[in-house]
Amino acid sequence: MSAHRRTVAIAVAGALIISTSALLVRLADVSPATSAFYRCAYAVPPMVLLAWLERRRLGPMPRRGLWLSWAAGVLFALDLLFWHHTIAYVGAGLATVLGNLQVFIVAFAAWAIFRERPSRNLMISTPVVFGGVVLISGIFDSAAYGSDPGLGVLTGLATSLAYAAFLLLMKAAPQRTAGPLAHATTVAALAIVALSPFFGGADLAPSWPAHGWLLLLALGPQLIGWLLITYSLPRQPAALTALLLLVQPMTTMALSAVLLGERPSWLQLGGCAVIVLGVLYGSRRAQREVREAEHSAQVPKTSTV
């Protein structure tokens, strides 16, 4: 397996693991700020241990990496707080689809920051995708699923903005795995405590079985899932990583329907389909460039005299 395909496989595995996040949040059945805090707090000790082992092998992180990781932690806190509210408003499946509009934000931001120019396909598909967001919002649908689909769309868009900025900062951090994520997760836990009064407050002593679901959320998606994704972020184009993370919403939609009994309306499901098809169309050039890069790497170089 080539290095690129191995990196893609690692990113997809991470996306599959974090696809259970919304499901576990629903099962914990605590306030959004509470679940956001504990998914980070429970993950900090093993992350710090892994970061310490990484530091022994590679030396201390550069100062720039520390600042980037701390800033990413604040954005990750906002991402989780908005997203956990979105889950409460529209359910686990639709919330995960809305949260992954970061694909477009990452692509255009990567153009400005990393000179990864978006394709014409991406430009065309952008308004189509946001048409799918309108369908999910339930504006034209009396049978829309969720306690407040319209507000869920707004918090979902806020989630995507924070999520995209988090991914870009983590991509810009040094090519390490445990260190940046440990710093970001620790800062996120502290930031969630500070911001929780503005997001409904956090209960720092949830009862069983909430603790069990939150511990599983922390050790599975937050620790293992994000370690895999953090490893892949600096090793491939930002837009491609964002695209691969689309594995997450589709898996979450299926799990939420089977295990939670969530039943979005036909218009909302149509909105999900529009979003996914739009993103796939918009990313066609990125996929082609990856295949060409793989082909170039496989062609042996010949020297000329």
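**Briefing: an all-helix predicted model**

Y42 is partly exposed, with a relative accessible area of 25%; by the cut-offs used here, buried means under 20% relative accessible area, exposed over 50%, and partly exposed in between (1.4 Å probe, protein chains only). The model is predicted, so local features need pLDDT of at least 70 and side-chain atom pairs count only at pLDDT 80 or more, while totals for chains, interfaces and linings use all residues. Residues are numbered from 1 along each chain as its sequence is written, and side-chain values use heavy atoms, with hydrogens and water left out.

**Overall build**

- The protein has 14 helices and zero strands; helices (H or I, at least four residues) and strands (E, at least two) are DSSP runs, numbered from the N terminus.
- Along the sequence the pattern is α-α-α-α-α-α-α-α-α-α-α-α-α-α.
- The protein has 305 residues, and 51% of them count as buried.
- Among contacts (heavy atoms within 4.5 Å) with a separation of 6 or more, 89% join residues 24 or more positions apart.

**Nonpolar core**

- In soluble globular proteins, nonpolar side chains tend to be buried together.
- A nonpolar core is a set of buried Ala, Val, Leu, Ile, Met, Phe, Trp, Tyr and Cys residues joined through side-chain atoms within 4.5 Å.
- The largest such core holds 61 residues, and C40, F76, I136, F166, I192, W226 and I275 touch the most other members.
- Helix α5 (residues 63-99) gives the most to this core, contributing 14 residues.
- With neighbours within four places in sequence left aside, I275 contacts V97, L101, V129, G132, V133 and I136.

**Aromatic rings**

- Eight aromatic pairs turn up in a search of the whole structure; rings of Phe, Tyr and Trp (its six-membered ring) pair if their centres lie within 6.5 Å, and planes under 30 degrees apart count as stacked, over 60 as edge-to-face and the rest as tilted.
- Y38 and Y42 make a tilted pair, at 5.1 Å centre to centre and 35° between the planes.
- Y38 counts as buried at 8% relative accessibility, whereas Y42 is partly exposed at 25%.
- W67 and W70 make an edge-to-face pair, with 5.3 Å centre to centre and 70° between the planes.
- Because W67 and W70 are three residues apart in helix α5, about one helical turn separates them.
- W67 is exposed, with a relative accessible area of 55%, and W70 is partly exposed at 32%.
- F76, Y163, F166 and W226 together form one aromatic cluster.

**Cavities**

- A cavity is found on a 1 Å grid over the protein atoms alone, as a set of points where a 1.4 Å probe fits but cannot get out; lining residues have an atom within 4 Å of a point.
- Grid points are joined across faces, edges and corners, and a volume is the space filled by probe spheres set on the points.
- The count comes to two cavities of 30 Å³ or more, and the largest cavity holds about 130 Å³ of space.
- The largest cavity is lined by 13 residues, of which D79, W83, Y163, W226 and Q248 are the closest to its centre.
- Helices α5 and α8 (149-172) each supply at least two residues of that lining, and α5 gives the most, with five residues.

**Individual residues**

- Q222 is found in helix α10 (residues 210-232) and is buried, with a relative accessible area of 0%.
- Leaving aside neighbours within four places in sequence, Q222 is in contact with R39, A43, M47, F76, L181, T185 and L217.
- Q222 and G14 lie 208 residues apart in sequence and 9.7 Å apart in space, C-alpha to C-alpha.
- F82 lies in helix α5 and is partly exposed, with a relative accessible area of 24%.
- F82 touches T155, A158, T159 and F199, not counting residues up to four places away in sequence.
- D29 sits in the loop between α2 (21-28) and α3 (32-41) and is exposed, with a relative accessible area of 66%.
- Phi of D29 is near 55°, a positive value in a residue other than glycine.

Conventions:
1 Å grid on protein atoms, 1.4 Å probe; cavity = no way out; pocket = protein on both sides within 12 Å on 5 of 7 lines; lining within 4 Å.
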